[in-house]
Amino acid sequence: MNEGIKKSFNVREIREQFPALRQLIYGKSLIYFDNGATSQKPKSVLDAINTYYSHDNANIHRGVHFMSQRATTEYEQARRTIQEYINAEKSEEIIFTKGTTDGINLIASSYGDLLLPGDEIIITAMEHHSNIVPWQMLCSRRKLVLKVAPINQKGELIMEEFDKLLSDKTRLVSISHISNTLGTINPIKEIIAKAHKANAIVVVDGAQSIQHTPIDVKDLNCDFFVFSGHKVFGPTGIGILYGKEEILEKMPPYQGGGDMIEKVTFERTTYNELPFKFEAGTPHIAGGICLGKAFEFLKTLDMDAVQAYERELTEYAQDMLDTFEDLVLVGTAKKKTSVVSFNVDDIHPFDLGTLLDRQGIAVRTGHHCTQPLMDFYNIPGTVRASFAFYNTKEEIDVFIKAVEKSINMLK
Amino acid sequence: MQEIEIMSIEEKQREIIDEFNVFEDWMEKYEYIIDLGKELPLIDPEKKTQDRIIEGCQSRVWLDVEFKEGKMIFSADSDAIITKGIIGLLIRVLNNEAPEDVAKADLFFIKEIGLQEHLSPTRANGLASMVKKMKMSAIKWSLEHGK
């Protein structure tokens, strides 16, 4: 795949490639606005899953036989596809994981072993539980200090406060690129530069950004970038941890087992080289290969056009929702994308979500795994519509009418 | 209300199914449930205590169980109105019934009126846990009273 085959952005053509979008829910055409939770899969990924299990299934890295070799080649090709997509220096820097949560836990557990009592970690007030709890666990295990950078009412990081938290004790900053609840796009390039100046490393939680914006880890200069395959049009149960080679080399293994070793005796075991040092056991081979296919699919799209289109959808939905009296948008950052969270007066998000569901519209309701953020806004949860490039303005129109109908029923 | 008291759990469920049969679409059904939820002051605010809370992932349910003359008296509430309306139906069916009847009650009406998804244990609204707690209280009472 190269630049030459990129097509101009055509939502009708794109929708054709996502079979799950064409179905009736309670007799109505599905409107899938829960992309922040997981994305639908293009046909190329679905076909690859089928092809893998019906043709190529074999264990990798160890087999001498033809099928094992073939599966190994495909799996390693997927690694290189992803490496190229995010512009990592080497394929050794691409570790297959189970997903974002797994990636963060790997870093917290392994890099965490290099930290000393009193060292400080900074996260932000808008983080997902998976970017809070692993650090809390690490802090209690290694007697570290967890600091939380505050946000303003719009849901933007207060940079002056972040600056104040950075000190010579800061060893690690872990931050979401895009907030799953608010859609806020954090200024991660600036944060990375500042953290590096303080000699701290930076983990970027890219769970909500990899599918919406072009990612260049070299340009960002982040130390780690983690994401989940299923949110970027690939299968569930597979994800990626990108880490700078020199840091990954310093880190002890995360889990022990097959594939991650060089030589095992009962007296002493030496470990395999990168990336296998961090990939114990038979991996999710089909997942890895098909995640590669998802990125091949993404490479056919013009991501700048995708970004512009998604921003347009978000702004349109937001402007339409803003016309409702008593509706409060949660998360109104100047730089935001793809996520519109809101509440209506005394209506519980769960009720609104239930009635939208009955109208064939899939949204997420609840705290979105960001309870501290809900506490900050003093709300039990929100209704969240999150868009992907296969959504349309026409769908938003139907959604707006459904919201209106639901509010009328509940008031 | 004399008739309601002598109706069995099964009869009360049949009555609800009949009521729901007149609704022509999902909207009427939900409007009815929402109205039920709005009408019913289901629990004494003083009883909305931490120990009576059943945490769903999304909506919260409070349940209080009392025993009067061998019958169970339930009061409950929820912060979500649809959940509250369905609680109203469940209480209508199970209130004033003997613990042994509550324990073995088959709540078929929920499926019949097309609300089964609300009672799924994965639904995260706390309703499945509430029904479980109602039944466990009934079983516990029966055991304590040698029934």
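Reply: The account below treats the sheet and then the helices beside it.

This is a predicted model, in which local features need pLDDT of at least 70 and side-chain atom pairs count only at pLDDT 80 or more, while totals for chains, interfaces and linings use all residues. Residues are numbered from 1 along each chain as its sequence is written, and chains are lettered from A in the order in which they are written.

In chain A, an open, antiparallel sheet is built from 4 strands in the order E13-E14-E17-E16. Strands here are DSSP runs of E with at least two residues, helices are runs of H or I with at least four, and both are numbered from the N terminus; two strands pair if DSSP finds at least two bridges between them. Strands E13 (327-330) and E16 (364-366) of chain A stand at the edges with a single partner strand each, so one side of each lacks a neighbour in the sheet. Direction ignored, neighbouring strands are turned by 30° against each other on average.

Opposite Val328(A) stands Asn343(A), in E14(A).

Helix H11(A) (residues 303-321) lies across E13, E14 and E17 (382-386) of chain A, and runs at about 10° to E14(A). Helix H12(A) (residues 349-358) also packs on the sheet, where it touches E14, E16 and E17 of chain A; the direction of H12(A) makes about 160° with that of E16(A). Contact requires C-beta atoms, placed from the backbone, to lie within 7 Å, and angles run from 0 to 180 degrees between N-to-C directions of axes fitted to C-alpha atoms, for helices over the stretch in contact.

How values were computed. Contact = placed C-beta atoms within 7 Å.
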